[in-house]
Amino acid sequence: MPATLLVTHSMRFSDRPDVLSWMLAGRVADAVAALAQTGCLEALRDWITDDCLARSHKLDPAGLATLLHLLVKAGFVDRQGEQYRWSEHALSSLDFIAIELRLRQLFAAGGGLTAGLRG
């Protein structure tokens with residue numbers, strides 16, 4: 001089997017290539033991390049407009065709208081009219097997401113996960 005077919009086959013979910021999901025995975029993780037760093041993680045547990053979220057956390061409305069749009073498309077955030085909140089799947093995973101964000105900080109601060117674990 002040619003290498004390109006092998007790579008394509010290894011990235012299949014439900015019998016269809018999902019290369020875009022793989023490409024966007026890092027961006028989605030960055031978007032969730034940005035929401036956590038700006039204090040929006042908890043605010044999105046309940047329905048809230050992007051305007052209210054931007055004002056209450058002193059964020060650029062256009063940048064926040066783009067980020068929320070990405071997270072809606074990725075299935076992490078639900079949209080109802082002008083209001084947003086974490087999807088049920090994301091809500092059930094917030095503890096795991098918080099752990100991943102802490103590991104990400106350890107990795108960034110210490111030059112690697114092992115260095116972060118050693119303090």
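This is a predicted model: local features need pLDDT of at least 70, side-chain atom pairs count only at pLDDT 80 or more; totals for chains, interfaces and linings use all residues.

How much accessible surface does the protein chain have, and what share of it belongs to carbon and sulfur atoms? I get about 8,100 Å² for the chain, with 59% of that on carbon and sulfur.

Next, the layout. I count eight helices and five strands in the protein chain. Reading from the N terminus, I have α-β-β-α-α-β-α-α-β-β-α-α-α. Of the 119 residues, 24% are buried. I also checked contacts between residues at least 6 apart in sequence: 51% of them join residues at least 24 apart.

Then the strands. I find β5 (residues 83-86) joined to β3 (residues 48-49) by two bridges, running antiparallel. On that side, I48 has Y84 as its bridge partner. β4 (residues 77-80) is also antiparallel to β5, with four bridges between them, and here R79 stands opposite Y84. The β4-β5 hairpin has two residues between its strands, and I noted a positive phi near 65° at G81.

Last, V72. I located this residue in helix α5, which covers residues 61-74. Leaving out residues up to four places away in sequence, I see V72 touching V77, R79 and Y84. I checked the spacing to Y84 too: 12 residues along the sequence, 8.6 Å from C-alpha to C-alpha.

Technical notes. Residues are numbered from 1 along each chain as its sequence is written. Side-chain values use heavy atoms; hydrogens and water are left out. Buried means under 20% relative accessible area, exposed over 50%, partly exposed in between (1.4 Å probe, protein chains only). Contact means heavy atoms within 4.5 Å. Accessible areas come from the Shrake-Rupley method with a 1.4 Å probe; for residues, only the protein chains shown count as cover. Two strands pair if DSSP finds at least two bridges between them.
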